[in-house]
Every structure is written in structure tokens, then in C-alpha cells.
Amino acid sequence: MGEQPIYSTRAHVFQIDPSTKKNWVPTSKHAVTVSYFYDSTRNVYRIISLDGSKAIINSTITPNMTFTKTSQKFGQWADSRANTVYGLGFSSEHHLLKFAEKFQEFKEAARIAKEKSQEKMELTSTPSQESTAGDIQSPLTPESINGTDDERATPDVTQNSEPRAEPTQNALPFTHSSTISKHWEAELAALKGNNAKLTAALLESTANVKQWKQQLAAYQEEAERLHKRVTELECMSGQANVIKSHKTELNQTIEELESTLKMKEEEIERLKEEMENARQLQAQRDTLTKKLQETETRNKDLELQLAELEQRLEKSQTEQEAFRKNLKTLLEILDGKIFELTELRDNLAKLIECS
């Protein structure tokens, strides 16, 4: 094909609101591919963007266009042929600057191509125009219709001079003058015949010019129709290339999604294994919890037993303390009795000694 994409980027596409000429109307729901196309057969640069199968940008770059950067990520240009203003929102300032650089480059290339095309047209049209003008002008001049000034004046002078001929040194005889008069009458009749033929040729030429004008208008309409058809075909060609690039992008996206899906499946398998391990850990946790509950129950029982033993120990200690007190009291009584018995023995011993 003659038209091929030479640079592509992604951006959100907007058009100026035709009613207010102030607000931007988004023409794409998401970022789409915006491409520069070059038609080598016509030497034309165009900007084309598709949203699905719909062409939302079809702008031919001309030397009088200007791409204006209105913010860090937004730029716009006016297209007089489409009678609208296009706006592009980029993801970064780098993409905006790159698009503006390409716009300026292709605009300059379009200007050079236009100048060369005009020079070729001037070189090819100048000789043909001169020859055509000469061909058209020659049968329509007054001289060609009525004769030259000399030819028109000669019969008048001759007719006027015949009745007023004055004798001179070179005066002609009457018979010779009559012959000249007949000759001029024949010439006048011939000129009148030529005049009539030229008048008829003029009328025929005028009719032919009208017919040629009608044919020219028909050819211009046909050329305009063919130009529109060529533009539609170029748009379809550009759309096919853009669709092909979209297909390539979609294939890449599908491959990325398949890779991501594979990673997700591996992650799902890993999560299943972790879930199985978690279930085993949960079972172990339940077993340990049950054992812990049993241990806590036994611990409570042991605590109750310990409390009971402590109570019994305390009671036993109390009883031992009371028993110890009783023993101490008995020991004190026993000591008193022993002391009394000792005194009684001593007294008996003294009595024995005294007797």
C-alpha cells in the first residue's frame, strides 16, 4: 500500500464542542493508538486514530497547521478541512514532546512537498496555457473576422476613389479602372464570404466553449467524487493498517494476559498447598487446643486438690499446734509433780536419817 504508519503513540482523544467552541468533548472512552501515516504516492502526511472500527481522527497535515502544548500532558491543533480542533491527553510529558516534535517534522516535510508540487505544476502548466490561449484567441480576434485594418480600408478607399479619380501623371485608362473595380468587388465578396465563415466559426466556437465548460464542470464533479473516493479508500487503508497494529497490540496483550494467567494459576496452586498446610495446622491447633483444655481441666482439679490439701495441712498444723501446747502443759505439770516427788524423797530421806 502507498500509505504506511511511521510513528504511533497512545493518548486520550478529544474534540472541541462545535456549539460552544470552548469545552472539550471526549471521543474515546480510554487511551487509543494515534499514528502518523505517510502516503508515498501523494506525498501527504496524515494523523489517524481509531476507536474500534470508528475513525475518530483523520487529519491531513498542512504547512499552516500548528500543534500547541497547553499543559504538561495536553496538546491541540486545528484542522480547517475537518472544521474542528483536536486535543490529545498523554500519560506523560515525554510522550507529548515526542508527538509535538514529530508534528513539526512532518509539517515541514509537507511544506517542502507542497512547494515542489507547485513548482512542477507551474512548469507543466505554463507552456500549455500559452499554446491554449493562442489557439483560442486566434479565431476570435476582430482582425480575423472582419479582416485587417488595411484590408477593411482598401475597398472603401477604392470605392471612393473611383468616382473621384483625378488625372495625374500615372492616370489609368477607364477600362483598366473598371477591371480594378471588379477585382476589388470580387475581393470584397471574398472577404464577406470569409467574414460569414468566420462568424459561423465564432458561433460554433462559442457553442463549443459552452459545451466544453459543461464537460469541464462534469469532469470537476467526477474528479471531486473520485477524490472523495480516494480519500475514503486511503482512510480504509489507514484503518486497515491501524487495525493491523491494534491486532498486534491485542496479540501482545493476549500473550501478556496468558503469562499473567499462568502466573495466577501457579499462585493458586501455591495457595492451595498453603491452604492444605493451613488445614493441617488447624487440625493440629484443634488437637492442641483440646489437649490444652484437658490440661486446664486437670490443672483446675489439681488446684482444687491442692487447696483441699492446703486446708487439711492447715488443719493438721492447727491440730499439731494444739497437741504441742497440750504436751507442753503436760510437761509443765509433770515437771511440777517430779519436783514435788523430789521434795518428798528428800523429806523421806531426811526422815530416814533422823530416825
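Me: In what order do the elements of the protein run from the N terminus on?
Reply: The model is predicted, so local features need pLDDT of at least 70 and side-chain atom pairs count only at pLDDT 80 or more, while totals for chains, interfaces and linings use all residues. Residues are numbered from 1 along each chain as its sequence is written, and side-chain values use heavy atoms, with hydrogens and water left out. Helices (H or I, at least four residues) and strands (E, at least two) are DSSP runs, numbered from the N terminus. The protein has four helices and eight strands, in the order β-β-β-β-β-β-β-β-α-α-α-α.

Me: What percentage of the residues of the protein counts as buried?
Reply: Buried means under 20% relative accessible area, exposed over 50%, and partly exposed in between (1.4 Å probe, protein chains only). The protein has 355 residues. The buried share comes to 17%.

Me: What share of the accessible surface belongs to carbon and sulfur atoms?
Reply: Accessible areas come from the Shrake-Rupley method with a 1.4 Å probe; for residues, only the protein chains shown count as cover. The accessible surface of the protein is about 27,100 Å². The carbon and sulfur part is 56%.

Me: Of the contacts with a separation of 6 or more, what share joins residues 24 or more positions apart?
Reply: A contact means heavy atoms within 4.5 Å. Among contacts with a separation of 6 or more, residues 24 or more positions apart account for 54%.

Me: How many residues of β4 are buried?
Reply: Strand β4 has eight residues. It is largely enclosed by the rest of the structure, because the buried ones number seven.

Me: Which residue in β5 stands opposite Leu-50?
Reply: β4 and β5 also pair in the antiparallel sense, over six bridges. Their hairpin has two residues between the strands, and Gly-52 takes a positive phi near 75° there. The residue opposite Leu-50 is Ala-55.

Me: Which residue takes a positive phi in the hairpin of β3 and β4?
Reply: Most residues other than glycine have a negative phi. This hairpin has four residues between the strands. The positive phi, near 55°, belongs to a residue other than glycine, and that residue is Asn-43.

Me: Is Asn-83 buried or exposed?
Reply: Asn-83 lies in the loop between β7 and β8. Its phi is near 55°, a positive value in a residue other than glycine. At 60% relative accessibility, Asn-83 counts as exposed.

Me: Which residue of β8 is the bridge partner of Trp-77?
Reply: Strand β7 (residues 74-79) pairs with β8 in the antiparallel sense over six bridges. Strand β8 (residues 84-89) is mostly covered, with five of its six residues buried. The bridge partner of Trp-77 is Tyr-86.

Me: And which residue of β8 is the bridge partner of Phe-14?
Reply: Strand β1 (residues 3-16) also runs antiparallel to β8, joined by four bridges. The partner of Phe-14 is Gly-87.

Me: How much space lies in the largest pocket?
Reply: On a 1 Å grid over the protein atoms alone, a pocket is an open set of points where a 1.4 Å probe fits, with protein on both sides within 12 Å along at least five of seven lines; lining residues have an atom within 4 Å of a point. Grid points are joined across faces, edges and corners, and a volume is the space filled by probe spheres set on the points. For the largest pocket, that is about 590 Å³.

Me: Which residues lie closest to the centre of the largest pocket?
Reply: The lining has 24 residues. Those closest to the centre are Arg-42, Val-44, Thr-60, Thr-62 and Arg-81.

Me: Which element gives the largest share of the lining of the largest pocket?
Reply: Elements that give two or more residues are β4 (44-51), β5 (54-60), α1 (93-137) and α4 (174-354). The largest share is five residues. It comes from α1.

Me: How many residues of the lining are charged?
Reply: Ala, Val, Leu, Ile, Met, Phe, Trp, Tyr, Cys and Pro count as nonpolar, Asp, Glu, Lys and Arg as charged, and the others, Gly among them, as polar. The lining has nine nonpolar and nine polar residues. The charged ones number six.

Me: How far apart in space are Lys-114 and Pro-63, C-alpha to C-alpha?
Reply: Lys-114 is in helix α1 and is partly exposed, at 45% relative accessibility. In sequence, Lys-114 and Pro-63 are 51 residues apart. In space, C-alpha to C-alpha, the distance is 8.3 Å.

Conventions. Two strands pair if DSSP finds at least two bridges between them.
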